[in-house]
Amino acid sequence: MTDPAVTLEFIGITATQRVDTSSGAAGRGGMATHTEIGVPVGPLVNKEFAAELAQAHEAAGFDRVLIAHSSASIDGFVLADQTLEATDRLKVLLAHRPGFWAPTIAARAYATLDAFHPGRVAMHVITGGDDADQQRDGDYLTKEERYRRTDDFLTVVRKEWESETPFDHEGEFYKVTGAWSSVRPDPKIPIYFGGASEHAIRVGAKHADAYAFWGEPLEGIRQRIAEVRAAAAPYARDPRFSVSLRPIVAETEEEAWAHAEAVLAAARARAAANGGALSGFGKNAVGSHRLVAAAERADVHDKRLWTALAKVTGGAGNSTSLVGTYEQVAEGLLDYVDLGVTTLLIRGFDPLEDAKKYGRVIDLVRAGATQRPALAG
Amino acid sequence: MTYSANYEAIELLGMIGTADASEVRPHQGPLIDPDYTARFAKAHEEGGFDRVLIGYGSGWSEGTQVAAYVAQHTERLGLLVAHRPGVVHPTLASRTFSTLDQFSRGRVAVHIITGATDAEQRREGDYLTHDERYARTDEYLQILREAWDEPGPRDFDGAYYRFEGFAPQVFPYQDRHLDLFFGGSSPAAYAVGSKHADTYMLWGEPLQETGEQIASVAAKAREAGRTDRPRISVSFRPILGRTDEEAWERAHGILDTINGEAGAAFRAKVARLHPQGQAPENAGSQRLLAAAEKGDLHDRCLWTPTTRAVGGGGNSTALVGSPETVAAAILDYVEIGVNTVLIRGYEPLQDAVDYGANLLPLVRQEVAHRAATRPSLEAV
């Protein structure tokens, strides 16, 4: 029997607006926030599209979908409920930036969502790497302070989830007296954590059930896993690891690379049309720097990790791709599994079509994983 | 200055919770029962209620999540989500309610409650004083209103909030006006609420005291430069019977239950909010208790011993009688200028069904009748 803790997990991504990624759309204005190459079509909040995309993920065999967050985005909690209502077993990974909700109410909001959809909710803690985007919502702390606040925030969140009696807390950022929630999730809501700086690792190691990385070359991920494991050991924690990638798959390798070049050209065109930058994607100071550094060394790493897009996006968002046939991309993902990665966050450039395509990749990885030592249990 | 009745757009509100519980129904089982929540909301929709209030408490389920769930299980029912400024940053809160309004296709309103007691606020980390809380609410509501009504980017630099370049992409459904309801009966509350509220919510006091509160709200609205006054909502706990006698028999039974063992759990909960032996800090509860001190029965059928029994905790005054009597009592409030009535029962689900079948049609019929037979347009 495989230990359930190391069962492979596939995560996709939700969106609420249709995009047109056809070449004919390239000249039109507008910027979709969830892909670098598309043009938004129709309303920002398209209930039917959100449901269709969630159902496509469920049908393709995804376990979970990420609900992202920025200062301009729609509220993720509401989208999470929509996603869970539209599907039967798909779970959500709901991103949350500490600092804008009191930890008590944030904890109860997650617990309430989980009570309506038992066992289908996880929290993705993003501390925020971009000062300007933090300030749009009124947060003026420095990055280091933000991570200290995240630490304090998660401490209160856990108490609010777990304490059966009223509790007091007096931390550097949060103080409560007599806090107590009658809504306590059981089983616990998993905490995913992202962030590449030393501050991030220090805090994440203490709280994370899963630690998430952007898709760096294998050697980088190997180092990062070692760092987080070392930092987590004093807390007797052994988080699972997640890597985010943007696979570009086709029937033949040539087709896949041709598509990758088309993505790059379209992203460049969109950047030019938007004054030379692709905005609207989450930056993460250290993580973005690492992606750009990798991209500057070479466009292709390992067998087929393609990083050219990071040069256009400035490393904002997860932007690195595995390019190849279905079998080749599955093999590329399994190379990460060999390092101890058990969660794979894969999202494409055309959210709906790619989610459907990835079903075949997921099947191949699951089949291949049964022979992997990391999952032998 | 008096306010004559406005028969147009009379709104009837109910209230839902996520589990079967009230002063007379000790709660058992999980705090969030999804099936019960959906049934409770549907009972209101089928009964013809315009909206339901979803309450706020530091130890309760989180209201926007309850609203999101209920929106998925109803078609047209309005959702009035209670919200406390100070626990969520207003720019995020504005997006939360806009998103909820988008997915529910224009069914959301927000009920602003600034906080009842210091102890309850501190459970969520808020250590401001009462009047500071209202000053913060003033800023908060300005930020919400602008975030909903006007595209950004914008900066804000206030005493409580500061941000730069806020430019949300999401706005209320079809750019409609998202309504703010507001509660609070202290001088600080009147000043802030009268400025921002679309509907000002009061608990069910006798007609005279309600008239005084309406006048206070109207005066403050004028001071704030408004040409209209907020709509006024009053909340009651109707106890219906087929006849007045039956209703009174039921009312005394409910009072006995509250005072007995079954009510002990609820009284303990109220004691957590209002520490044992102390008078309530909030002006609204103080006003209800003051009315209750004057007598048990007021006006046509407003009954206040239930308020005394729970120490003034919240909406707790009853209208007791047959549907005809209670409908007439509700119309008495409409006559002094009340626009919205919130009713919820002691047997929450059963009473919602009962109100929908027997009380709401009478109220609507009588409102329509009076509107049609009104002699002429009176000066307002």
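Analyst: B:Glu223 is exposed, its relative accessible area being 61%, which is over the 50% that the term requires. The model is a predicted one, and this value is computed from it like the others below. B:Glu223 belongs to helix α7 of chain B, a helix that covers residues 207–223. In sequence B:Glu223 and B:Ala191 are 32 residues apart, while their C-alpha atoms are separated by 8.6 Å.

B:Ile239 is buried, with a relative accessible area of 0%, whereas B:Glu223 is exposed. The element that holds B:Ile239 is strand β10 of chain B, residues 239–240. Leaving out neighbours within four places in sequence, B:Ile239 is in contact with B:Ala247, B:Arg250, B:Ala251 and B:Ile254, and also with B:Ala318, B:Leu319, B:Val320, B:Gly321 and B:Tyr346. B:Tyr355 lies 116 residues from B:Ile239 in sequence, and the C-alpha atoms of the two are 9.7 Å apart.

Helix α5 of chain B, residues 130–149, can be read in the same terms. Helix α5 has 20 residues and reaches 29 Å from its first C-alpha to its last, close to the 28 Å expected at 1.5 Å a residue. Its buried residues include B:Tyr134, B:Thr137, B:Leu141, B:Leu144 and B:Trp148. An α-helix has 3.6 residues a turn, so residues three or four places apart point the same way.

Now the chain as a whole. Chain B contains 13 helices and 14 strands. Its radius of gyration is 20 Å, close to the 21 Å that the globule rule gives for 380 residues, so chain B is as compact as a globular protein of that length. The C-alpha trace spans about 65 × 55 × 40 Å along the principal axes. Of the 380 residues, 59% count as buried; B:Ile239 is buried. Taking contacts between residues at least 6 apart in sequence, 75% join residues at least 24 apart.

Terms used
Residues are numbered from 1 along each chain as its sequence is written. Chains are lettered from A and ligands numbered from 1 in the order in which they are written. This is a predicted model: local features need pLDDT of at least 70, side-chain atom pairs count only at pLDDT 80 or more; totals for chains, interfaces and linings use all residues. Side-chain values use heavy atoms; hydrogens and water are left out. Helices (H or I, at least four residues) and strands (E, at least two) are DSSP runs, numbered from the N terminus. The radius of gyration is taken over C-alpha atoms; the globule rule is 2.2 Å times the number of residues to the power 0.38. Buried means under 20% relative accessible area, exposed over 50%, partly exposed in between (1.4 Å probe, protein chains only). Contact means heavy atoms within 4.5 Å. The expected span of a helix is 1.5 Å times one less than its number of residues.
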